[in-house]
Amino acid sequence: MLTLCLRGESNHSMSQVFRSTRVLTPERLRPAALVVDGGRIREVRAWDGVAGIDGVRDFGDAVLLPGLVDSHVHINEPGRTEWEGFWTATRAAAAGGVTTLVDMPLNCVPETTCVEALEAKRAAARGQAWVDWAAWGGVVRGNAEMLPGLAAAGVPGFKCFMIHSGIDGFAWVDEAELRLALAKLKGTGLPLLAHAEMAAPVEDATAALHAAGADWRRYATYLASRPDAAEVDAIVLLIRLAEEFATPVHVVHLASAHALPMLAEARGRGVPITVETCVQYLWFAAEEIPDGATEFKCAPPIRGLANREALWAALESGLIDMVATDHSPCPPAMKRREEGRWDLAWGGIASLGLALPAMCAALAQRGFDVEESVKRVAAWMASGPARLAGLTERKGALAAGADADFVVFDPDGTWTVREDDLHFRHKLSPYLGAELRGRVLETWLHGECVFAAGEFVGEPRGRELVRQ
């Protein structure tokens, strides 16, 4: 059985009570009071069931949400802290109501493909994390023998690429390497997360575009260079392997709706495959992206309006399980904005801390009221990612036994994203200028406030989450 522990448990000696007329419990949004002991929720009571308890903190009509879990973030430390680091990434998370991050195993140096690299990451995080965090292990060519050691060291699962990752030290894997990895993971319950694009369709499309003298400042050129077939072909293989090995496989950042029918058919047969999409694929559309605006570059690419609608339909039906950010920042110079060439720019969108108001804005545009919006956001961005990372004992819900991680959220009112609203390292994001909905008023981790009224409170209190 897999259990979860936190390195360095807190030890509160006094009960705390937090209440609001709008608390998102696992059942519904309702008046409720959270009774907290030792940094965990002891019970959820009726709003007026706290008579005789001193020090009740009353948040009025603000919405109390479970702290969000972002299972797809590139923190990049150690080794590339100039891109992003634990200090800046976790502050951005806290400001956006995200209380747990799961870090991807590439873009840091060394990549998290062995126990020694994991220990280097742990050392780098010490004293810097404003929220809780965990680290995915990496599957690369030739490291299958390292996977049991990483599993024993507590990683919640493993990430691989099926195409060049952009990082030479994180080598992509073919079917033979995937089989070696899945043989090691079979029976552990740990998921294999896959960047699902195959190289051949991308290489063929890119070669044809170069031969035709295509203009690489045009977004349409970049979009044509990463065709739907790259995702579809990869997902065909992943479905086959998940079924053969009876081992959970997770498709990260699905962008192409063309893969949805085969995923639905596989899920209907009981194949253990789950799917995430990202906020950028639900918010932006190819038709709206200006030529040369390389801050929008990511892989797979942001596709068209009709594709976006199909992703939304799959998310609302439950075929897509969750939403992450794939926060993947870099120094601004690497975006090559002066040239505006999509083939030369680094691929990755910076968005950590903006997902909650972006999703609430999108859901409001789609006609959902506050209660339905926050219920969906919590399912897609708290409980869903917590389940993927094996954290459901402690994260993703306001329920007895869970960590007292919650967000005090004002769901009303719109605001426009400015540089001052970005707490990650580099103030470059395609969301600059976007009109979002709702504000994080406070963020609480283990019953302690870490962010309030636009300011960070106290010292970093985040801890590593380790699967046992």
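This is a predicted model: local features need pLDDT of at least 70, side-chain atom pairs count only at pLDDT 80 or more; totals for chains, interfaces and linings use all residues.
Start with helix 7, residues 228–245, and helix 8, residues 260–268. Two packed helices are described by the angle between their axes and the distance between the axes. Here the angle is about 10° and the axes lie 10 Å apart. Angles under 35 degrees count as roughly parallel, and helix 7 and helix 8 are therefore roughly parallel to each other. On the helix 7 side, the contact is made by Val232, Ile235, Val236 and Ile239. Helix 8 contributes Met262, Leu263 and Ala266. Sorted by type, the residues of this contact are seven nonpolar, no polar and no charged.

Next comes helix 11, which spans residues 355–365. This helix is mostly covered, with nine of its 11 residues buried. The buried residues are Ala355, Leu356, Pro357, Ala358, Met359, Cys360, Ala361, Ala362 and Leu363. After helix 11 comes Gly367, which has a positive phi, near 95°.

How many disulfides does a search of the whole structure find? The search finds zero. A disulfide needs two cysteine sulfur atoms within 2.5 Å. For Cys360, the closest cysteine sulfur is in Cys278, 17 Å away, so the gap is too far for a bond. Cys360 is buried, and its relative accessible area is 5%. Cys114 gives a second case: its sulfur is 10 Å from that of Cys108, the closest cysteine sulfur, and this too is too far for a bond. Cys114 is also buried, with a relative accessible area of 18%, because buried means under 20%.

How values were computed
Residues are numbered from 1 along each chain as its sequence is written. Side-chain values use heavy atoms; hydrogens and water are left out. Buried means under 20% relative accessible area, exposed over 50%, partly exposed in between (1.4 Å probe, protein chains only). Helices (H or I, at least four residues) and strands (E, at least two) are DSSP runs, numbered from the N terminus. Axes are lines fitted to C-alpha atoms, for helices over the stretch in contact, and angles run from 0 to 180 degrees between N-to-C directions. Angles under 35 degrees count as roughly parallel, over 145 as roughly antiparallel, 65 to 115 as roughly perpendicular and the rest as oblique. Contact means heavy atoms within 4.5 Å. Ala, Val, Leu, Ile, Met, Phe, Trp, Tyr, Cys and Pro count as nonpolar, Asp, Glu, Lys and Arg as charged, and the others, Gly among them, as polar.
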